[in-house]
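Biologist: Can you walk me through this one?
Modeller: Here it is.

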There are 2 protein chains.
Amino acid sequence: MSFRNRVEKEILVIDGAMGTLLQQRGLPSGWCPDEWNVSHPEVIQEVHRLYLEAGADIITTNTFGAIRSKLADYGLEDRVKELNQAAVTLAKEVAKPYGALVAGSIGPLGKFLQPLGEISFDEAYQQFFEQCQAMVEAGVDLILFETFGDIGEMRVALIAAADAGDVPVVASFTFDESGRTFTGTDPETAAVVVERLGVSAIGVNCSVGPRQLADVVQRLTQSTNLPILVSPNAGMPEMVEGQTVFRETPEMMADYAVRFVEYGASILGGCCGTTPLHIKAIRQSVKELTLKPRHRLFGLRLASRVKTATIDPKGMPVAIGERLNPTGKKALQAEIREGKTEITRRDALAQVAAGSAILDVNVGVGGVDQVAAMERAVNAVQVLVDAPLCIDSTDPQVIEQALKNYHGKALINSVNGEEQSLDTILPLAKRYGAALIGLTLDDQGIPATAKERLAVARKLMQRVEELGIPKQDLMIDTLVLTVSAQPEGVPETLNAIRYIKRDLGLTTSLGVSNVSFGLPNRGLINTAFFAMALAAGLDAAILNPQDQRMMETLRAAAVLTGRDVRAEQYIAREQTAQGGNQPPKVSEPVASTPLEVL
Amino acid sequence: MSFRNRVEKEILVIDGAMGTLLQQRGLPSGWCPDEWNVSHPEVIQEVHRLYLEAGADIITTNTFGAIRSKLADYGLEDRVKELNQAAVTLAKEVAKPYGALVAGSIGPLGKFLQPLGEISFDEAYQQFFEQCQAMVEAGVDLILFETFGDIGEMRVALIAAADAGDVPVVASFTFDESGRTFTGTDPETAAVVVERLGVSAIGVNCSVGPRQLADVVQRLTQSTNLPILVSPNAGMPEMVEGQTVFRETPEMMADYAVRFVEYGASILGGCCGTTPLHIKAIRQSVKELTLKPRHRLFGLRLASRVKTATIDPKGMPVAIGERLNPTGKKALQAEIREGKTEITRRDALAQVAAGSAILDVNVGVGGVDQVAAMERAVNAVQVLVDAPLCIDSTDPQVIEQALKNYHGKALINSVNGEEQSLDTILPLAKRYGAALIGLTLDDQGIPATAKERLAVARKLMQRVEELGIPKQDLMIDTLVLTVSAQPEGVPETLNAIRYIKRDLGLTTSLGVSNVSFGLPNRGLINTAFFAMALAAGLDAAILNPQDQRMMETLRAAAVLTGRDVRAEQYIAREQTAQGGNQPPKVSEPVASTPLEVL
Ligand SMILES: [Zn+2]
Ligand SMILES: [Zn+2]
Ligand SMILES: [Zn+2]
């Protein structure tokens with residue numbers, strides 16, 4: 001039975017450490033462990049057999065470092081295919097009589113992707129694709145990306161794996177004692193990003209022991225309905241007389257395995273320091289347990305590298321900062337032309353400080369290489385602020401460049417009901433795991449009535465779902481006309497919001513300020529219209545968060561629409577403001593990990 | 001056939017001057033003309049017969065000054081009943097063979113009512129009631145209040161006439177060349193006030209000639225669907241060799257009569273300087289004409305002495321100034337206790353300057369004679385500003401005192417669905433011609449849902465209509481709960497507005513600020529809620545017009561809801577504001593007639 005079938009029905013046990021056992025069996029320090037797949041196949045198979053005897057349902061190939069750039073450290077860069085295929089073949093031979101599954105282990109590159117490091121998306125993609133393809137050709141049952149500390153790298157790996165073949169993929173991260181990965185990602189954010197990249201399970205492995213992982217596992221169970229793999233080390237590594245020692249006994253590990261199953265985890269194993277005895281104890285402890293049902297509902301979730309932003313029809317409405325857009329802004333246009341990002345970075349920080357949960361990024365300047373400009377803007381902003389980005393362009397190439405470079409789950413602004421738009425934008429959202437703003441216009445233009453806009457939204461939803469994108473990742477913009485030109489358009493836009501939420505269950509967004517075009521003192525019109533739209537159920541708005549009245553309207557309307565329960569956020573904000581006019585506190589450190597470390 | 005029947009079907013001709021003809025027949029200067037009803041009955045009947053021969057359908061009794069206070073000038077104050085009944089009896093005798101109707105003429109007292117003069121409502125009422133009652137007992141066909149220059153006096157006269165018996169009443173005013181009555185009332189305001197006081201027709205007579213009245217007649221036809229009487233003088237009086245001369249010929253008068261019928265008038269005659277020849281010419285000119293159908297729709301109209309304010313579901317939403325209310329205001333409480341009106345007057349002026357179309361007046365201070373306090377407040381405010389008043393009390397006696405003293409058409413704040421409230425408040429609105437704010441609560445309290453509040457509003461509407469009050473004079477307040485205590489109440493209040501407008505066709509009002517009770521920075525919550533309510537269709541709000549954000553929200557929302565067509569008012573206001581921060585201009589002079597003149 002396939003991994004996908006089994007993981008839905010059973011609690012699975014996965015094996016423990018490979019490296020420790022190879023060292024015990026003579027692997028010299030400084031030797032390439034992956035090379036033993038060819039030079040010492042009997043040792044590899046012996047280790048696999050020990051874990052199978054201990055009761056593992058899944059064994060992991062000895063390929064953690066068998067990727068081109070790491071093999072190159074040993075001058076083995078041309079043996080990627082050979083070493084991976086050998087490993088899969090060895091494991092399959094041993095696993096077959098046990099009816100066990102073979103997971104192809106892939107570790108991280110050991111170098112950071114742009115903009116944290118130097119590796120480009122395309123370079124990383126090629127290496128992961130090469131390793132995955134070798135494994136798929138050899139008939140691996142699933143691919144296990146493990147011990148990843150950077151969500152950006154995991155994204156590339158998952159995209160490459162999806163291209164390499166129709167094989168189940170597990171994305172397993174390493175979290176430190178603070179509950180974040182090395183580059184600052186929390187469990188929820190990790191789940192949000194990988195969920196849309198075709199994974200069959202998400203996991204945590206290595207780094208710390210089971211007691212340090214308990215909180216991470218619990219948070220993962222609350223952040224996703226994906227099956228969850230937990231392979232802790234056998235405790236925190238300690239140095240005893242010059243030797244690394246792991247102190248968790250098999251019984252301790254097994255007790256934690258039971259607790260993790262109670263939380264909702266379903267694939268249990270071990271990482272550094274674990275042995276077949278640990279796996280045997282885990283096997284014993286979980287054999288009577290059953291899978292805990294997990295059916296949480298999640299709304300539209302976006303993520304930066306370090307943080308998730310939720311657009312929740314019952315939660316606070318969300319401000320999408322509009323200022324990173326050169327339309328009508330001479331200085332920003334000039335900066336984009338000159339390849340600089342000074343204004344971009346300043347405005348990104350200012351907008352987050354003013355309360356933007358999401359930042360729109362647009363580089364639409366004529367005569368400029370917008371693909372390069374978008375890459376520059378996305379990279380400048382994503383290392384600076386933790387708000388997820390909204391990629392704003394009509395050019396699919398510009399959008400794709402942004403999505404390659406972005407290390408989170410972005411929002412694409414926008415797709416619409418035109419066939420040309422659907423055909424080019426939806427595949428990008430699918431491939432790169434992005435959410436979408438869908439505009440209610442199609443090849444016939446912007447429909448006059450709310451009912452017709454609902455029909456366009458329904459078409460968008462159907463096309464999105466046909467492609468396997470969950471409908472909650474589509475947010476509908478019902479489009480604001482200019483009131484001075486078309487006053488009859490205002491109630492249609494507001495009713496479209498109501499209909500789309502009621503009939504389709506989708507979230508809604510608006511670019512509010514277009515309503516006041518051509519009128520004096522536009523802020524007054526914008527603010528009143530915004531309150532009306534929020535009353536109609538608007539979930540997000542593209543606006544200038546430094547327009548104090550707009551943000552005040554958002555907060556007040558949240559109280560009035562029951563989205564700010566017991567007015568807690570409103571009262572907290574007002575108390576802060578009264579306590580000395582401090583600017584609102586940014587809710588997370590601007591970069592969770594000091595960039596110098598990287 | 002009765003006057004009420006004939007005036008619906010025919011163009012009627014009413015007679016001309018009585019005084020001029022009596023002087024020609026020997027009435028000495030300084031003699032009481034009304035006394036001739038007893039001493040020279042044959043002369044009176046001769047004049048009547050001349051007009052009947054000329055073709056009049058209605059003749060007017062010789063009783064213009066036969067009211068107690070004017071007869072007292074001749075020592076005849078005890079002969080009110082005798083002189084009036086003699087006049088009616090004489091006229092009926094002569095009219096009978098012609099099938100003509102007898103109108104009992106009643107002129108003004110010649111003295112101003114409080115607060116413009118010294119006469120109280122009750123004194124004036126007694127005199128008009130006495131004269132009307134005498135006429136009704138003698139069998140008059142209709143009562144014609146004519147040559148009235150003060151709307152306050154007309155109100156009292158009409159209330160007294162309604163009490164004297166079931167007789168048709170015509171309310172005829174004198175307008176000067178500027179198109180206003182002596183105390184400043186324009187034609188629309190005159191129509192709005194008398195429409196609700198049981199009149200069968202409204203008219204203009206005396207003062208100027210037909211060419212000066214053309215505009216007034218036209219404005220009246222656009223302000224009411226009541227039949228309209230027009231009895232001009234035979235031109236403007238001129239002094240020629242010490243004699244008053246009227247220069248309009250019968251033919252000229254007849255030409256104007258035709259024009260007035262084309263405008264929509266239906267009772268044509270003449271006043272000073274007109275003769276049977278004029279009436280004969282009018283009779284000839286109109287005999288082939290037919291009544292012009294008049295079926296205009298009017299919304300909720302309120303009036304001060306000088307100005308009408310319309311609450312129109314398609315027009316600008318209206319701000320009802322809330323500041324003349326002592327709740328929580330120590331200084332205003334003290335002023336009310338001390339019987340002063342300094343703060344009251346200052347705040348009345350300030351609220352009108354800030355854009356209030358209507359002012360709420362509340363004197364609810366414990367341990368105070370609120371009847372006296374309300375009279376004082378209403379009188380202080382109504383001579384100072386031209387905004388109509390909203391009488392805010394739960395005490396029927398307090399409300400009645402306000403309605404007696406007020407010279408316009410007031411709004412009562414409020415009635416509700418409790419039987420006690422319906423039984424006490426609705427009769428006051430009926431008797432004094434006031435409009436009502438109806439609260440959607442009843443003996444079971446405030447209903448939780450919008451549908452239940454709609455049901456209370458429907459009950460209020462039915463009870464109002466059963467009493468003969470037109471439904472458009474009922475504005476519904478759907479009640480705002482405190483969001484911090486009952487967040488689920490906000491959508492119910494907003495939906496109640498939608499349902500009441502859609503299902504009942506009534507206008508709606510809210511006291512907005514209650515929504516934010518208990519929260520910090522209440523203005524933010526109030527403003528956002530106000531925009532939401534305006535989007536739901538709110539027509540009026542009780543608010544502090546000096547809260548700039550509330551008024552800005554009102555103006556912006558008017559643009560967005562299509563109530564400020566082409567954003568004309570919004571743009572004009574913004575241009576004024578940019579042109580040097582002037583305060584908004586009060587649209588009418590504060591008192592249209594200098595009070596010194598009175
Ligand atoms: Zn490990
Ligand atoms: Zn006259
Ligand atoms: Zn007259």
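Modeller: A polar contact is a pair of N or O atoms within 3.5 Å; within protein, one must be able to donate a hydrogen and the other to accept it, and residues adjacent in sequence count only if both atoms are side-chain atoms. The model is predicted, so local features need pLDDT of at least 70 and side-chain atom pairs pLDDT 80 or more, while totals for chains, interfaces and linings use all residues. Residues are numbered from 1 along each chain, chains are lettered from A in the order written, and side-chain values use heavy atoms, without hydrogens and water.

Biologist: How many residue pairs are in polar contact between chain B and chain A?
Modeller: There are 8, both residues at pLDDT 80 or more.

Biologist: And how many salt bridges between chain B and chain A?
Modeller: The count is 2, taking a side-chain nitrogen of Lys or Arg within 4 Å of a carboxyl oxygen of Asp or Glu. One of them joins B:R549 and A:E552, at 2.8 Å from N to O.

Biologist: Which element gives the largest share of chain B's side?
Modeller: That is α20(B), with 8 residues; helices here are DSSP runs of H or I, at least four residues, and strands are E runs of at least two, numbered from the N terminus.

Biologist: Different topic. How many aromatic pairs over all chains?
Modeller: The count is 20, for Phe, Tyr and Trp (six-membered) rings with centres within 6.5 Å; planes under 30 degrees apart are stacked, over 60 edge-to-face, the rest tilted. A:F145 and A:F148 are edge-to-face, 5.7 Å centre to centre with 80° between the planes.

Biologist: Are A:F145 and A:F148 buried or exposed?
Modeller: Both are buried, meaning under 20% relative accessible area; exposed is over 50% and partly exposed in between (1.4 Å probe, protein chains only).
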